[in-house]
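Reader: Please show me the model, and then let me ask how its labels were assigned.

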Amino acid sequence: MQGFVFRAGDARFAGKSAADALRSALADPSCLMVNRNAGAGTRILIDQLLEGRRPGGYANQPKSHNAVAAAVAQDRADWGIAIATVAKLYGLAFLPIAPEHYDFLVVDGHRSRPAVQAFLTALADDGVRARIAALGMKFDEAP
């Protein structure tokens, strides 16, 4: 799940929906965001939410959810968009926005390669699946 992340207790965002928190952030010129790098799926979501606006911090474009959470946790930004598991890891408050989906595609001719086989074996392992689920992720099986 992707969502609006901020330091717990920040009165500008606490107790609000993600949409209301975003409106509060955009209404406050001193409120700094941390963005994501161009080409990232999260960046596409951010740009859709911002509807062409470029708030302070927009040019700060780290390449991972961890980097976004670190910037907020270290008081280098007031808010950003990251996944729930990373927000929890950094002790940040989290307001859900949308699920993030990951698809794994394998060319049939590569299916027998050792790395692909190891990956598929790991994904089929109940212990691995349980650990992944404990991180807040779930599996949708291929059609």
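Author: The count comes to five aromatic pairs, where rings of Phe, Tyr and Trp (its six-membered ring) pair if their centres lie within 6.5 Å. This is a predicted model, in which local features need pLDDT of at least 70 and side-chain atom pairs count only at pLDDT 80 or more, while totals for chains, interfaces and linings use all residues. Residues are numbered from 1 along each chain as its sequence is written, and side-chain values use heavy atoms, with hydrogens and water left out.

Reader: Why is the aromatic pair of Phe-4 and Phe-6 called tilted?

Author: The centres of Phe-4 and Phe-6 are 6.0 Å apart and the planes make 55 degrees. Planes under 30 degrees apart count as stacked, over 60 as edge-to-face and the rest as tilted, so this pair is tilted. Ring pairs also link Phe-4, Phe-6, Phe-13 and Trp-79 into a cluster.

Reader: How do you know whether Phe-4 and Phe-6 are buried or exposed?

Author: Phe-4 has a relative accessible area of 1%, and Phe-6 has 3%. Buried means under 20% relative accessible area, exposed over 50%, and partly exposed in between (1.4 Å probe, protein chains only). Both residues are therefore buried.

Reader: Why is strand E1 called largely enclosed by the rest of the structure?

Author: Strand E1 covers residues 2–7, and five of its six residues are buried, so the strand is largely enclosed. Strands (E, at least two residues) and helices (H or I, at least four) are DSSP runs, numbered from the N terminus.

Reader: What makes E1 and strand E3 a pair?

Author: Two strands pair if DSSP finds at least two bridges between them. E1 and E3 (residues 79–83) have five bridges, in the antiparallel sense; one of the contacts has Gly-80 in E3 as the bridge partner of Val-5. E1 is also joined to strand E4 (residues 92–98) by six bridges, again antiparallel, and Phe-6 has Ala-93 in E4 as its bridge partner.

Reader: Why is Ala-19 called partly exposed?

Author: The value for Ala-19 is 41%, again between the cut-offs, so the label is partly exposed. Ala-19 lies in helix H1 (residues 18–27).
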